[in-house]
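Subject: Structure handover

Hello,

Here is the structure I promised to pass on. Please open it alongside this email; my notes follow below.

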Amino acid sequence: MDQGNPMNVPATRKDLMIVNMGPHHPSMHGVLRLIVTLDGEDVIDCEPILGYLHRGMEKIAENRTIIQYLPYVTRWDYLATMFTEAITVNGPELLGNIQVPKRAGYIRIIMLELSRIASHLLWLGPFMADIGAQTPFFYIFRERELVYDLFEAATGMRMMHNFFRIGGVASDLPHGWIDKCLDFCDYFLTGVTEYQKLITRNPIFLERVEGVGIVGTEEAKNWGLSGPMLRASGVQWDLRKVDHYECYDEFDWEIQWQKEGDSLARYLVRIGEMMESIKIIQQALEGIPGGPYENLEIRRFDRERDSEWNDFEYRFISKKTSPTFELPKQELYVRVEAPKGELGIFLIGDQSGFPWRWKIRPPGFINLQILPELVKRMKLADIMTILGSIDIIMGEVDR
Amino acid sequence: MDNQSIFKYSWETLPKKWVKKMERSEHGNRSDTNSDYLFQLLCFLKLHTYTRVQVSIDICGVDHPSRKRRFEVVYNLLSTRYNSRIRVQTSADEVTRISPVVSLFPSAGRWEREVWDMFGVSSINHPDLRRISTDYGFEGHPLRKDLPLSGYVEVRYDDPEKRVVSEPIEMTQEFRYFDFASPWEQRSDR
């Protein structure tokens with residue numbers, strides 16, 4: 001730097017600066033390390049380094065029966081816990097051709113949609129906090145606490161529920177839960193309107209978010225994106241409609257999608273999804289049938305499935321829980337539309353209680369791959385906007 | 001069902017030496033291929049008009065230690081246009097190198113890194129083959145069946161040296177393996 005003459009402009013350095021946005025973040029992003037190469041304020045390259053939260057979930061699954069593994073799965077995506085449980089249970093159900101009773105299907109859908117709302121809320125808070133608006137971060141926890149209360153009344157735990165079982169759910173809804181849930185839906189619609197008034201047409205927000213991180217339609221498909229990222233780029237692909245799983249076909253709802261593919265479009269898709277989830281929950285609550293909440297027949301081994309009524313085996317085995325559900329020797333890829341994207345399990349069963357291979361396909365892992373491409377010509381401040389709009393959760397990215 | 005259309009079409013159109021075995025089941029269709037022709041097969045599936053498999057959902061490795069070519073690499077693919085999925089499997093042993101499919105499916109970059117990290121199946125000319133989930137100095141490939149669940153080393157923070165050190169593992173309790181046969185259930189044909 002030229003110290004002698006104060007009238008001279010100091011010489012600027014022209015090399016690129018490498019900055020480490022270290023594994024710890026002040027906002028709730030989890031442990032993701034980004035090595036960012038900067039030229040002034042422009043980002044040249046960004047390299048995410050994962051693996052800080054790798055816990056070996058796949059290897060543990062090879063040594064646990066399904067019922068033992070259920071507490072582990074909620075730790076993958078700890079904000080949308082019902083989805084991870086749903087998929088863990090759907091795999092063996094499909095392999096063993098187990099029917100889920102109607103009431104259990106409805107209860108599952110209600111829990112899944114509540115979990116979707118909770119996950120989108122907790123996406124919204126840190127996203128706004130990264131952009132600079134601290135207030136929504138506190139507002140979302142108000143609604144999320146209500147969801148936690150509903151979960152605690154039904155399942156016993158606020159977050160890590162362990163509620164789904166092969167063949168249904170672990171216990172029935174308590175008396176009065178349905179009314180509380182309907183009250184929550186009415187209240188939540190006013191809450192979402194509040195967010196929209198506060199955020200959606202806010203000029204500062206639009207300035208930060210519009211046109212940032214544009215993903216084209218073909219690019220989205222090539223990079224394997226799923227969930228709101230794909231739907232914000234113009235592809236109307238929602239596994240709930242496409243796969244016809246559980247009882248989603250009985251409800252009247254629409255796929256939320258946008259065309260532009262920037263962060264604003266992703267925000268709008270997620271807000272829209274929250275409102276659609278409320279619609280689904282209200283329809284499900286009004287139409288919930290009676291009946292058993294769990295398919296108790298599968299507690300017997302399939303060899304004894306056609307046993308005589310009132311026989312020794314029928315009387316005693318169907319009442320005792322068999323802790324090992326034998327996975328037949330087949331392979332299967334089962335998927336569910338998690339709030340982050342397509343969550344999948346590739347399951348290879350061995351003729352024993354433990355699976356041979358349990359591969360988790362996390363949506364965050366794939367959605368995060370596009371980050372270096374998107375930030376290439378952006379400013380430093382846009383990295384956080386784009387990272388926030390991709391909505392990753394490191395628990396599932398690293399497993 | 002839509003699922004069967006790309007399967008049937010590709011079964012009829014593909015050269016037989018590319019595909020060793022095709023199997024369809026209600027749980028998803030799979031085709032086994034030789035690792036030499038893997039890239040061509042995936043290229044065909046991706047670009048051909050009637051099979052437009054544009055999305056690579058998942059690449060997964062499986063370890064069957066009893067087989068000669070012990071690893072199996074599974075490519076789960078999705079066609080959004082025709083709404084069908086297909087699974088392509090190829091086998092490899094510890095020293096075979098499979099061809100990377102990153103140029104076809106950009107999302108495969110990280111999956112192939114993970115297959116390398118977890119199993120040791122490497123790719124030829126992969127643009128970026130490094131470890132992805134394991135620790136910085138980890139030796140071994142975790143998801144192989146011969147690496148035990150608890151691993152071989154444990155890490156702890158060592159106060160005299162003021163850093164994290166790796167030491168051979170010390171288990172205070174042996175690995176508990178429960179035999180879950182319930183006395184009520186007769187497993188006569190086991």
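A polar contact here is a pair of N or O atoms within 3.5 Å; within protein, one must be able to donate a hydrogen and the other to accept it. By that rule, 14 residue pairs are in polar contact between chain A and chain B, both residues at pLDDT 80 or more. Note that this is a predicted model.

On the side of chain A that touches chain B, strand 8 (residues 355–361) gives the most, with five residues. That side of chain A divides into 27 nonpolar, 20 charged and 14 polar residues.

Four salt bridges are found across the interface of chain A and chain B. In one salt bridge, Lys359(A) meets Asp58(B) through their side chains, at 3.2 Å from N to O.

Now the extent of the interface. Chain A brings 61 residues to the contact and chain B brings 54 residues. About 5000 Å² is buried between chain A and chain B, and carbon and sulfur atoms give 54% of that area. Three residues, Lys59(A), Glu331(A) and Trp356(A), supply 13% of the area that chain A buries against chain B, more than any other three.

Last, chain A by itself. Its secondary structure comes to 16 helices and eight strands. Chain A has 399 residues, and 60% are buried. Of the contacts in chain A between residues at least 6 apart in sequence, 68% join residues at least 24 apart. Chain A exposes about 15800 Å², with 53% supplied by carbon and sulfur atoms.

Best wishes

Notes
Residues numbered from 1 in each chain as written. Chains lettered and ligands numbered in written order. Predicted model: local features only at pLDDT ≥ 70, side-chain atom pairs only at ≥ 80, totals over all residues. Heavy atoms only, no water. Contact = heavy atoms within 4.5 Å. Buried area = accessible area lost by both parts, 1.4 Å probe. Polar contact = N/O pair within 3.5 Å; in protein donor to acceptor, adjacent residues only side chain to side chain. Helix = DSSP H or I, 4+ residues; strand = E, 2+ residues; numbered from the N terminus. Nonpolar A, V, L, I, M, F, W, Y, C, P; charged D, E, K, R; others polar. Buried < 20%, exposed > 50% of the residue type's maximum accessible area, 1.4 Å probe, protein only. Areas by Shrake-Rupley, 256 points an atom, 1.4 Å probe, with all protein chains shown as cover.
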